[in-house]
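Work through the exercises below with the coordinates open. Each task is followed by its solution.

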Amino acid sequence: MVVLSSAYEIEKRVEEMAAVITQEFADVRIDVKGKHVLLVEAIVDTGITLSTLVAHFGTKDVASFSVCTLLDKTSRRIVPLQLGAGGKYYRGFQCPDEFVVGYGMDYAEQYRCLPYIGVLKPHIYTKN
Ligand SMILES: O=P(O)(O)OC[C@H]1O[C@H](OP(=O)(O)OP(=O)(O)O)[C@H](O)[C@@H]1O
């Protein structure tokens, strides 16, 4: 979870995610043209990651782009969901505005393997 408190920070985060996703998918050789793509996510928070992925797959001529997320933290949304034609959104649970870890979600690469979803105590992520 990142804290973005200004339009500038949001813009930088969008640019950063676009670069990360372009890099992460650079070696993927699967041809998705004409395919129905389903992205499986742990959590949708600000929506920046998802919107960047929608833009990425939008350039690949996919038949549709859908998302299945375990958690959805709608109260933190900055970028609205726009999946495009045929895209479906499957959500497991609405998530309160807490720093959640476990089930694949981490804080500084810790807690990712917890077999449950926990709420991190604020003193863990505010300490410096
Ligand atoms: O809606 P957003 O604010 O963009 O956040 C959602 C992203 O955050 C989490 O990944 P994270 O960046 O924590 O990294 P990870 O993939 O290493 O868990 C999650 O898996 C999503 O990809």
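**Exercise 1. Compare the radius of gyration of the protein chain with the globule rule.**

Step 1. The rule is 2.2 Å times the number of residues to the power 0.38, and the radius is taken over C-alpha atoms. Step 2. For 128 residues, a compact globule would come near 14 Å. Step 3. The protein chain has 16 Å, which agrees. Step 4. Its C-alpha trace spans about 45 × 35 × 30 Å along the principal axes.

This is a predicted model: local features need pLDDT of at least 70, side-chain atom pairs count only at pLDDT 80 or more, and totals for chains, interfaces and linings use all residues. Residues are numbered from 1 along each chain as its sequence is written, and side-chain values use heavy atoms, without hydrogens and water.

**Exercise 2. List the residues that surround the ligand and sort them by class.**

Step 1. The shell (a heavy atom within 4 Å) holds Glu41, Ile43, Val44, Asp45, Thr46, Gly47, Ile48, Thr49, Asp106 and Arg112. Step 2. These divide into 3 nonpolar, 3 polar and 4 charged; Gly counts as polar. Step 3. β1 gives the most to the shell, with 3 residues.

Key:
Helix = DSSP H or I, 4+ residues; strand = E, 2+ residues; numbered from the N terminus.
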